[in-house]
Amino acid sequence: ILATKDYKGGVLIISHNKEFCDHVATEKWIMNKGYLRIEGESVDTSGGDDNKQIGPDEVYDGAGNKIEVKKSATMTDKDRKKAIKDIEKKIKDNKKKTILTDEEVWELEDKLNELKEALKA
C-alpha cells in the first residue's frame, strides 16, 4: 500500500474489496453490468513549491502518462520583432538550401504568424 502512495505514476488495481480500494484510490472506475461509472477524481499529490512559476512543468494523467506543459513567455515588442526577423531568416535560408523539413517550415510559419498577430495587438 505504501508503494502505491509514493509512486508518481498511475496504478491500476482490480479488487472486490471495497475497503481496500477506498484506502488506496482517490479515483475509482467501477464497471457494473457493462456500464462504467467513475467516482472521485485524480489528485496531484506531488506537492509544489509556491515560489515556482504558475503551474507545473509536467503533469501526469490518470493513466500515469507524463504530459509536458508548454508555458508561454511574455515577450516585449522588441523581442517579438527580433524573433520575427530570426524566423524570416531561417525560412529564407531554407529556400536557398533545403535544411528544414516541410513540418519544420510549417511550424516556423505558424510561429511567425502568431508573432505578427501579437505585435499588431
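Contact is defined here as heavy atoms lying within 4.5 Å. The structure is a predicted model, in which local features require a pLDDT of at least 70 and side-chain atom pairs count only at pLDDT 80 or more, whereas totals for chains, interfaces and linings use all residues. Residues are numbered from 1 along each chain as its sequence is written, and side-chain values use heavy atoms, with hydrogens and water left out.

The chain has an average pLDDT of 78, and 80% of its residues score at least 70; pLDDT is the predictor's confidence in each residue, from 0 to 100. Among the elements of the chain, the mean pLDDT is lowest for helix α1 (residues 2–6), at 70, and highest for α3, at 89. Helices are DSSP runs of H or I with at least four residues, numbered from the N terminus.

Helix α3 comprises 20 residues (77–96). In α3, R80, A83, I84, I87, I91 and N94 are buried, that is, under 20% relative accessible area with a 1.4 Å probe and protein chains only, exposed being over 50%. These residues cover an arc of only 105° around the axis, given by the directions from the helix axis to the C-beta atoms, and therefore lie on the same side of α3. The face turned away from this buried side carries the exposed residues K78, K82, K85, K89, K92 and K96.

The buried residues of α3 pack against α4 (102–120). I91 touches L108, E109 and L112, residues up to four places away in sequence not being counted.

How values were computed. Helices (H or I, at least four residues) and strands (E, at least two) are DSSP runs, numbered from the N terminus. The expected span of a helix is 1.5 Å times one less than its number of residues.
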